[in-house]
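This report describes a two-chain model, chain by chain and then at the contact between the chains. The sequence and structure are shown first.

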Amino acid sequence: MSIENNKDNNSSNKNKRWLYTILNLDKRIVYICIFLAIALPFFLNPVVDIKSTKWVKSSYDLVEEAAQKRKPILIGFDYDPATLAELQPMAMAIIRHAFSKNVKVVGINFLLNGTSLAADTLEKVAKEYDKKYGEDYVFFGFLPQISVVLLNFGEDFRKSYKKDYYGKDLNEIPMLKGLQNFDDFHAVFCLSGTGLPSTYIVYGVDRFKFNYIAGVTAVSAADYYPYLQSGQMKGLLGGMKAAAEYEGLLGKISDGMRGMASQSWGHITIIAFIIIGNILFYVKKRYEDEDKEKKL
Amino acid sequence: MSTNPWIWVGAISTIMIFTYLWKENPLYRLAEHVFVGISVGYLICVTWFNVLHPKLYVPLFQEHQWVLIIPLIMSIMMLFRFSTKYGWVSFWPLAFLIGFSGYGIPASIDTNMLKQLQATINVSFSGGIIPIITALIILFGTLSCLIYFYFSFPHKGAVGKIAKFGSMLLMISFGASFGYTVMARISLLIGRVLFLLRDWLGVVH
């Protein structure tokens, strides 16, 4: 009897040791697992079967309408390197869409750290579609005091912007002839991981009434849904998934779609860790209860 | 593998930052300080070339628009903030800035409260079963969440049940926000990993 009890105790102690080893797992092993879950899918074929959501489709449709009406679009490149991974694929997909339909693009920027990023992005996509600066696209560059600039933009953007990013007088840029304010743009995009998209609504949309779409990081996406219901926003692009959806509508695989397989595997790994952690926590609690009973 | 030296700088900096995951170390510290220094330098350059030079220096000193002396003086006054003795001088331009911000209050109330309230009251109960369910969720969801934060009545009986429903909706909303946060953080890692594998090592196309 005592031998059997000893055997039971030994196996119970082994289980406990195993349990506490896993519960005290070095966090660096978790990091390695996440890293592998993110990195390995890049060696697989990208996910291409992504169904677009209503608000991504409506954003896409606005650019299509801009092409039909031959009106330009305005893009606020209000992101910096910190949110580059999520917002750059979005920006590239929108610009690609616009250039592929011969829609002219005007870029502005209210986030200082992202100024040259915006200029590079426009230039990079323009090269792909053989578009010329000043004829097919223009970048106004950075200006502080977004509220004042947006209020001026509603009347005449030349009140705030005298020259473009490269120092050229706006009156000498052929594409800008006939363009004056928000009314002359079919859609206005703001791509940002900050609170700037809501500033566009406060000082722009509610006052001057234009088709407005916000492209935001996944973290802040949930905050912007109320503006869709109220009609203040016509579309919403939330995080890398929205970029992938837009690429899907465009039929061009790029960073958004490439990242989605990694995104899924990253999620699965985290979910697995959460489930395992909870099960182990439950088992630990049961062992602790058993120990208490034995002591009593 | 990339032959562009700037890609190498980016890749090595990324790896230096990632070493923090192993443990705090001098490489991480170095990368962090270099990043802060470069960012500040970049901000100063862009501010000078995009703002101060075209909007202040040229109009004031070359085109003689003397009215711009006022913002110039106010900008200089702002720099007194660094002095413990004369720090109060910076309060004047600061007061002007805060005063101007007041302009945004009615606009913000209109955008974030009145328009949202209007949209909730005017929910459409037409267009099929799904839009009707959505409209009901919006209407009852808003009301129950408001009741959850209403403490003049004890949360008992019907009020308690509605408040509980409101708190459940809030939990769902927090869960969705947390899910989005996880997605965002993974996206950032994806961006860096793709940069290392494609732009630097060239093993992914």
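## Architecture of the two chains

Chain A comprises 10 helices and 6 strands, where helices (H or I, at least four residues) and strands (E, at least two) are DSSP runs numbered from the N terminus. The model is predicted: local features need pLDDT of at least 70, side-chain atom pairs count only at pLDDT 80 or more, and totals for chains, interfaces and linings use all residues. Residues are numbered from 1 along each chain as its sequence is written, while chains are lettered from A and ligands numbered from 1 in the order in which they are written. Chain B has 7 helices and 0 strands, and its pattern along the sequence is α-α-α-α-α-α-α.

The table sets out the overall dimensions.

Along the principal axes, the C-alpha trace of chain A spans about 100 × 40 × 35 Å, and the C-alpha atoms of chain B fill a box of roughly 70 × 60 × 40 Å. A residue is termed buried if 20 or more other C-beta atoms lie within 10 Å of its own, exposed if 12 or fewer, and partly exposed in between, with C-beta atoms placed from the backbone. Buried residues make up 43% of the 296 residues in chain A and 7% of the 205 residues in chain B.

Contacts (C-beta atoms, placed from the backbone, within 7 Å) can also be sorted by sequence separation. In chain A, 75% of the contacts with a separation of 6 or more join residues 24 or more positions apart. For chain B, 22% of the contacts between residues at least 6 apart in sequence join residues at least 24 apart.

## Domains

Domain bounds come from an automatic or database domain assignment. For chain A this gives domain 1 (2-44 + 261-295) and domain 2 (54-252), with C-alpha centres 47 Å apart. In chain B the assignment gives domain 1 (5-104) and domain 2 (125-200), and their C-alpha centres lie 37 Å apart. The contact between these two domains of chain B takes 4 residues from domain 1 and 5 residues from domain 2. On the domain 1 side, the residues divide into 2 nonpolar, 2 polar and no charged; here Ala, Val, Leu, Ile, Met, Phe, Trp, Tyr, Cys and Pro count as nonpolar, Asp, Glu, Lys and Arg as charged, and the others, Gly among them, as polar.

Helix α10 (residues 255-295) of chain A has 41 residues and reaches 59 Å from its first C-alpha to its last, close to the expected 60 Å. The expected span is 1.5 Å times one less than the number of residues. A kink of about 25° is centred on A261(A), the bend at a residue being the angle between axes fitted to the seven residues ending there and the seven starting there. The buried residues of α10(A) include D255(A), R258(A), A261(A) and G266(A). Their cover includes α2 (27-39), α4 (84-100) and α9 (239-250) of chain A together with α7 of chain B.

Helix α7 (residues 196-208) of chain A has 13 residues and reaches 17 Å, close to the 18 Å expected. This helix bends by about 35° at V202(A), and V202(A) is itself among the buried residues of α7(A), as are P197(A), Y200(A) and V205(A). Elements covering the buried residues of α7(A) include β1 (73-78), α6 (146-155), β4 (187-192), β5 (212-216) and α8 (218-229) of chain A together with α5 of chain B. K209(A), which follows α7(A), has a positive phi near 50°.

## Positive phi in loops

N102(A) is not a glycine, yet has a positive phi of about 60°. This residue lies in the loop between α4 and β2 (105-109) of chain A, and N102(A) counts as exposed because it has 12 C-beta neighbours inside 10 Å. H64(B), also not a glycine, has a positive phi of about 55°. Its place is the loop between α2 and α3 (69-78) of chain B, and H64(B) is exposed, with 8 other C-beta atoms within 10 Å.

## The contact between the chains

The contact takes 42 residues from chain A and 37 residues from chain B. On the chain B side, the elements giving two or more residues are α2 (26-62), α5 (104-121) and α7 (157-200). The largest share of that side, 17 residues, comes from α7(B). The chain B residues that touch chain A divide into 23 nonpolar, 12 polar and 2 charged.
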